[in-house]
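Hi,

Here is the structure I promised to pass on. Have a look at it first, and then read my notes below.

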Amino acid sequence: CKDTLSAAVFSVAENFKDTEIIIIDDGSTDETPELIENLKKDYNCIVSKRISNSGPANARNEGIKTAQGDFVMFIDSDDTFKKNTFKIISEHLTPDTDLLIFGFRQNFLGRAEDRIYSLDSPFSVDEYYRNNLLNQVWNKAYKRDFLIRNNIFFKDFRYGEDRIFNAEVLNYSPVVKSIPDVLYNYIIDKSVSLISGYIPEKFDACKEI
């Protein structure tokens, strides 16, 4: 992810100053470790940890365990947050909020048109699931204490682990808020996507979902 990581980090660091950026290097084999060290020189809010390659579920769990903030958010190394994302989110987070959901923009590289997923309506599991707003973790803010208190972590799947995680969160009846703001840029490059190839455990993940 050496070609995209800087933009992802920049979209957080330049967005909101009171932020802890945790980078989990899931056993990269390119120049990512050197890039992370350079980024840490530019941004003193970065905490990094390198682990042996074990997939996104374990990497995100390491992030949750490392985090110190009141709320946890996720960003993939090839995506970005929109400008003013954290200012907007902070205006809607209250002490009783366990989960905040916001909209996102889906961009397939090489295609002219983007697709936007957003709802301006009270939260409903059925409606939000049908409109593709419950499958991801990066269009949400989670209260860290809620996750830790209920022992909610990602299960070890390389497909659907985010959808399973959200289902687990909802099982514990969180206080959910939603806003229609489109704040995340989900960039899809099929040549490097983790879900573009054959996934042996995909059937088991679908059963779990």
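What follows is a short tour of the core and the aromatic rings.

Bear in mind that this is a predicted model. The largest nonpolar core has 45 residues, and Val 9, Tyr 142, Leu 147, Phe 165 and Val 169 have the most contacts inside it. Strand 5 (residues 99–108) gives the largest share of this core, six residues. There's also another core lying apart from it, with five residues, including Tyr 159 and Ile 199.

Now the rings. Searching the whole structure turns up 13 aromatic pairs. One of them is Trp 138 with Tyr 184: the ring centres are 4.6 Å apart and the planes are at 5 degrees, so this pair is stacked. Trp 138 is in the loop between helix 5 and strand 7, while Tyr 184 is in strand 8, 46 residues apart. Both residues are buried.

Tyr 142 and Phe 165 make another pair, with centres 5.3 Å apart and planes at 75 degrees, so they sit edge-to-face. This pair links strand 7 to helix 7. Tyr 142 has 1% relative accessibility, so it counts as buried, and Phe 165, at 1% relative accessibility, counts as buried too.

Two lysines are worth a click as well: Lys 65 lies over the face of Phe 153, 5.7 Å from the ring centre, and the charged end of Lys 202 sits over the ring of Tyr 159, 4.8 Å from its centre.

Cheers

Definitions and conventions
Residues numbered from 1 in each chain as written. Predicted model: local features only at pLDDT ≥ 70, side-chain atom pairs only at ≥ 80, totals over all residues. Heavy atoms only, no water. Core = buried A, V, L, I, M, F, W, Y, C linked by side-chain atoms within 4.5 Å. Buried < 20%, exposed > 50% of the residue type's maximum accessible area, 1.4 Å probe, protein only. Helix = DSSP H or I, 4+ residues; strand = E, 2+ residues; numbered from the N terminus. Phe/Tyr/Trp six-rings, centres within 6.5 Å; stacked < 30°, edge-to-face > 60°. Lys NZ or Arg CZ within 6 Å of the ring centre and 35° of its normal.
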